[in-house]
Amino acid sequence: MTTALIPLPIAIPLIVAAFLAFAGKGIGRRACDLLAIATAAANLWMTAIILHGTWSQPQVYWFGNWWPRSGGVALGISFVVDTFGAALALLVAVLTLAGLIFSWKIFEDTENHFQPLMLIFMAAMCGFSYTGDLFNLFVFFELMSVSAFALCGLKTLEPAPLQGAFNFAIVNTVGAFMIVMGIGMLYARTGALNFAQVGRSLGTHADALVLLAFLLIVVGYLAKAAIVPFHFWLADAHAVAPSPVCVLFSGVMVELGIYAVARIYWTIFAGSLAGHAHELRMIFTIMASITAVVGAVMCYAEHHLKRLLAFSTIAHSGLMLVGVGLLSPGALAGFVLYVLSHGVIKGGLFLCAGIVLHRFQKIGEDHLHGCGRGMWYTAALFILGAWGLAGAPPFATLLGEHFVSHSAEAVHLHWLVYIFIFAEVLTSAAVLRMAFRIFFGWGQPAPSDKSSQIEEKPETEQSHERTPAAMFLPAAALILLGIVLTFLPQIQSRAIDSAHGFANQNAYAQSVLENVQITSAHNAETENLSSSIVHSVIALLLAVLLALSTVFRDKLGRAVNFTRSLELGSSWLRRAHSGHPGDYVAWMSFGTAIVGLAFLWWLH
Amino acid sequence: MMLAYLPYAVAAWVFLWGLYGIVTSKNLVHQVVCVAILQTSTYVLLLAIGYKVGGTAPVFADIPVGTSVVDPLVQALMLTDIVVEAAVMALLLSMVVKANELAGTVDPEELRFLMG
């Protein structure tokens, strides 16, 4: 029954989107909103049922019944839904629903096709999580990118969103071409596009062509995932996109890039690159650590609310790549828990930023100083969000961090724990610092930088005296979901079980090609979280101390002067984020060359 | 024999020139066209992969069984690629038009509101 349901979360939103684009003007703004919200709610319901159907085994849906006959090869196109993909699609539906409800009060006209674009975006991301076919993955990737470019540049009356959307589009399109080339090479070698079939045809064979294809595909998806040095577009795009769109960008789109790398590695390359797992692990964790450090340092140096959150996403994207890059099932379980919890928390924080923009029509921390006095509920959400970013209990980010750092210790990469603490302290402290200044008016106003001076036109036109419930409730619900996740029954054992299934190339291929289910029971023991709880509580305390010493720098004297340089950031790092699409593509070529050289050096 | 590798070399060549164009471009329209050039390298690559010496068009209705044909699948991939990228190009060019209207410039150097 659930198998027949699988194409619907993609088909229904696309049909509704086409209807809204065609008839949106005729039926009026409110009807558009209601229809879009109803579609997102239906998707939430369907993706939840599909997720429930994947507990025991992955569900395979062959389009047009083109399933591989016995002993044959896969010619048809399939959706292969396992617990990971299904959970990500559910996250997509949750965040889209929150974003659409939030947008009830913004974008007064239907001219800009906001609702249809959101629905297409949602459908593309669900398809991306479900598909079991290389070229299909590319098509959904592009569908998701094109709707994202349009959503990013939605405020076409200001130049900054155009610049952000343009940079976003150029970098991601170059990445997409690399993916096509990589897919073409894999097809040339194996004559197949189905993940399972390609993986089986490659077997344990690895040569220069396979490595080059792997390099091109990985770089293309890591550009989407905003891994340094492919990350430059993200801050520009997130700073200017409408707040409900940022929720989807930061909450799940970026993470899907990392998910694609994990999916492709474990279904296609795990056999052929098995002999090089150690070297590959080093390459991935080094890239991830650089991303986490650069993202965290830039995050603390920003004073444009959304840009600050964007850099925090880059830092956390690095942490998530650690989960995938360790190439072990335990770390993968941590990755998926981290993606889910970070997605809802970051989504909630972007909605809070949207509330601040709605109330004060300003987005720079320096201009907003003390403005938010009396907005206790929003302030509480900001502080809870910072708490979650630090990975402190009771937020589910703790579980993700625990599984990842546990696996890092198993392969003797103990230093990764410090990368986690570093990134969590800085990103959490940056949000806390902002909350202290905006909502409590503590200390001196923040220093300003070029980005915080951007004039952002308000997204709303009505009275700004109070926060509408349609804005506050989705934000609160998302952040509280970050806590609820921790207490879902069996969430840890489900994550571990599904990670073992995800990382078993043979079992995946057999379930797709022969419809044989291999049930592997992993009696996940109850994890001892105490060491991770200690780490994360220390991280939270450090974050609070750092935020307080930044805000009260003038009173605390010379001892905390280092916070000034932290807040001003490194000038050469800032200059590298030049806002010029040519520079970004140059960095991307440079990064590809470096990763390619590392492959040559270590893997060939 | 060496000739068989020529299309791959051409694909790599066009790809790199496309990248060079995007990086050094001083005009947004020019930059978008460079993206289109970069894209043509993927066409060359896909065509080279599907081509078969002496193969005919894969229309099976009126050719005898066993005739050598070129790979029909890469053509489908290429067509999808063209359609998808046409949408991207249209979107990029419309952004350039808007940028020219709002900021009065198409130089990426002058269109930098977000940085650092």
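Over all its chains, the structure holds 13 salt bridges, a salt bridge being a side-chain nitrogen of Lys or Arg within 4 Å of a carboxyl oxygen of Asp or Glu. This is a predicted model, in which local features need pLDDT of at least 70 and side-chain atom pairs count only at pLDDT 80 or more, while totals for chains, interfaces and linings use all residues. Residues are numbered from 1 along each chain as its sequence is written, chains are lettered from A and ligands numbered from 1 in the order in which they are written, and side-chain values use heavy atoms, with hydrogens and water left out.

Begin the tour by selecting A:Asp82 and A:Arg263, whose side chains meet in a salt bridge at 2.8 Å, N to O. A:Asp82 lies in the loop between β2 (78-81) and α4 (83-102) of chain A and A:Arg263 in helix α11 (residues 243-269) of chain A, so the pair ties together parts that are 181 residues apart in sequence. Helices (H or I, at least four residues) and strands (E, at least two) are DSSP runs, numbered from the N terminus.

Next, colour the two chains separately and turn to the place where they meet. Here 49 residues of chain A are in contact with 42 residues of chain B, where contact means heavy atoms within 4.5 Å. The area buried between chain A and chain B is about 4,000 Å², and carbon and sulfur atoms give 79% of it; buried area is the accessible area (1.4 Å probe) that two parts lose on being put together, summed over both. Select A:Phe166, A:Phe177 and A:Met181, which supply 18% of the area that chain A buries against chain B, more than any other three residues. Across the interface of chain A and chain B, the rule finds zero salt bridges.

Staying on the side of chain A that touches chain B, select α6 (134-152), α7 (159-190), α10 (232-240) and α25 (581-603), each of which supplies at least two residues of that side. Of the helices, α7(A) gives the most, with 19 residues. By class, the residues of this side divide into 30 nonpolar, 12 polar and seven charged; Ala, Val, Leu, Ile, Met, Phe, Trp, Tyr, Cys and Pro count as nonpolar, Asp, Glu, Lys and Arg as charged, and the others, Gly among them, as polar.

Now show α25(A) together with helix α1 (residues 6-24) of chain B. In this pairing A:Gly582, A:Val585, A:Ala586 and A:Ser589 of α25(A) meet B:Leu19, B:Ile22 and B:Val23 of α1(B), and the contact has five nonpolar, two polar and no charged residues.

The last stops are in the backbone of chain A. Most residues other than glycine have a negative phi, and most peptide bonds are trans. Select A:Val228 and A:Pro229, which are joined by a cis peptide bond with omega of about 5°; A:Pro229 is placed in the loop between α9 (208-224) and α10 of chain A. The peptide bond from A:Pro393 to A:Pro394 is also cis, with omega near 5°, and A:Pro394 is found in the loop between α15 (376-389) and α16 (397-410) of chain A. Finish at A:Gln490, which has a positive phi of about 65° although it is not a glycine, and which lies in the loop between α18 (469-484) and α19 (491-502) of chain A.
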